[in-house]
Amino acid sequence: MKARILIGVSLMVVVLAMAHLFASQEQSQPAAGSAAPPLSNPLKIALLKWYKANTVPTEFSAGPNPVGVAFDGANIWIANYGGSTVTKLRANDGAVLGSFHSGNAAAGVTFDGANVWVSNSSDNTVSKLRASDGKLLGTFSLPGVVPWWMTFDGANIWVPSSNASGNGWVTKLRANDGKNLGNFTVGSSPAALAFDGENVWVTNSGSNTVTKLRASDGTVLGTFAAVQPFGIAFDGANVWVANQGTGTVSKLRASDGSLLGTFTVGLEPYGVAFDGENIWVSGAIAIFELRASDGREVRAWPLTNSTGLAFDGANIWVAGFSISKVGKL
């Protein structure tokens, strides 16, 4: 009898010890999924893309001297400066779906949810093409010359241009019919624009400034210093500006324009794009990937004279001006 009691007590001790062990192990384990990389874009996960980018860029032919790049949800559009055309590539495999005439010296390309807008830098116009088939839906004049990179605010297209002296404007065109809703004065030689959800940001390469405009009425909300700024992008909280004059990118807080950091990216940075996690910068000697949180360099790819950039939800596309190709990273 004593032996049975002893055995029973021993079993209870073992059970309690095991229960305590399991409980302590469960408490010490990380929460489900906490060990996974913090990828912010679900398409990367869907494609099992746990790596940062393709180790070897995949290249596809474009028209002569590609400059602007945009994504329409399924396809990549490329503005070919040297060919006055726009090339449409299928994003998943790079197949050419069409080449469409827009105007002379196509520079910028922007998608509005249904149509593609192209800035014709030698014609001082913008063209509206139907994204499904590239049909020309309209061409609209601007008050100045050399329109370049545009932005879309959800209802309107904003286009930079300047006069012969460099005095700059940004023109607000209603996307559904191209009606001019206003020309707003900014700095000299405006080059590129970005929308932050409420405001439009403009790089003024001639006056070494960046202008912040309220999208609803074009009121200037601030002007911030830069050095020959060109490309610009919004990361959800901050605005990134490529400073061609110093080989750097600046990180500005979108709420008030405060400078949060300046980061070296090589000679003559040109375009800027955000992939949901990192910032990409094109330029004269290489393409740089920077961590958006602190500007630390993640990686660089050697490619001379790279210009426009676009993110397709999984990959970055970059225009190679000198080689008349686009790379998919």
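The structure is a predicted model. The chain contains two helices and 28 strands, and buried residues account for 52% of its 329 residues. Of the contacts between residues at least 6 apart in sequence, 39% connect residues at least 24 apart.

**The largest pocket**

- The largest pocket has a volume of about 810 Å³, and 28 residues line it.
- Val-69, Met-150, Thr-151, Leu-193 and Leu-309 are the lining residues that lie nearest the centre of the largest pocket.
- Seven strands each supply at least two residues of this lining: strand 2 (66-71), strand 6 (106-111), strand 10 (151-152), strand 14 (190-195), strand 18 (229-234), strand 22 (269-274) and strand 26 (306-311).
- The lining of the largest pocket comprises 21 nonpolar and seven polar residues, with no charged residues.

**The second largest pocket**

- The second largest pocket has a volume of about 150 Å³.
- Eleven residues line the second largest pocket, and those nearest its centre are Leu-43, Ala-91, Asn-92, Asp-312 and Lys-328.
- By class, the lining of the second largest pocket holds six nonpolar, two polar and three charged residues.

- Four strands make up an open sheet in the order 2-3-4-5, with antiparallel pairing.
- Strand 2 and strand 5 (96-101) each have a single partner strand and stand at the edges, so one side of each has no neighbour in the sheet.
- From one strand to the next, the twist averages 20°.
- Strand 2, which also contributes to the lining of the largest pocket, pairs with strand 3 (residues 75-80) in the antiparallel sense over five bridges.
- Within this pairing, Pro-66 is placed opposite Asn-80 of strand 3.
- Strand 4 (residues 85-90) and strand 5 run antiparallel and are joined by five bridges, and Thr-85 has His-101 of strand 5 as its bridge partner.
- Five residues separate strand 4 from strand 5 in a hairpin, where Gly-94 in the turn has a positive phi of about 75°.

- Strand 16 (residues 209-214) is mostly covered, with five of its six residues buried.
- On one side of the pairing scheme, strand 15 (residues 199-204) runs antiparallel to strand 16 and is joined to strand 16 by six bridges.
- Val-202 has Thr-211 of strand 16 as its bridge partner.
- Strand 15 and strand 16 form a hairpin with four residues between them, and Asn-208 in that turn has a positive phi of about 55°.
- Strand 16 also pairs with strand 17 (residues 220-225) in the antiparallel sense, over five bridges.
- Lys-212 is placed opposite Gly-222 of strand 17.
- The hairpin of strand 16 and strand 17 has five residues between the strands, and Gly-218 in the turn has a positive phi of about 80°.

**Ser-162**

- Ser-162 belongs to strand 11 (residues 156-162).
- The relative accessible area of Ser-162 is 9%, so this residue counts as buried, the cut-off being under 20%.
- Leaving aside residues up to four places away in sequence, Ser-162 touches Gly-144, Val-145, Asn-167, Gly-168, Trp-169, Ser-189 and Pro-190.

**Gly-295**

- Gly-295 lies in the loop between strand 24 (286-291) and strand 25 (297-302).
- Gly-295 is classed as buried because its relative accessible area is 8%, against a cut-off of under 20%.
- Its contacts, not counting residues up to four places away in sequence, are Trp-240, Phe-263 and Leu-290.
- Gly-295 and Lys-251 are 8.3 Å apart in space, C-alpha to C-alpha, although 44 residues apart in sequence.

Methods. Residues are numbered from 1 along each chain as its sequence is written. This is a predicted model: local features need pLDDT of at least 70, side-chain atom pairs count only at pLDDT 80 or more; totals for chains, interfaces and linings use all residues. Side-chain values use heavy atoms; hydrogens and water are left out. On a 1 Å grid over the protein atoms alone, a cavity is a set of points where a 1.4 Å probe fits but cannot get out, and a pocket is an open set with protein on both sides within 12 Å along at least five of seven lines; lining residues have an atom within 4 Å of a point. Grid points are joined across faces, edges and corners, and a volume is the space filled by probe spheres set on the points. Ala, Val, Leu, Ile, Met, Phe, Trp, Tyr, Cys and Pro count as nonpolar, Asp, Glu, Lys and Arg as charged, and the others, Gly among them, as polar. Two strands pair if DSSP finds at least two bridges between them. Axes are lines fitted to C-alpha atoms, for helices over the stretch in contact, and angles run from 0 to 180 degrees between N-to-C directions. Buried means under 20% relative accessible area, exposed over 50%, partly exposed in between (1.4 Å probe, protein chains only). Contact means heavy atoms within 4.5 Å.
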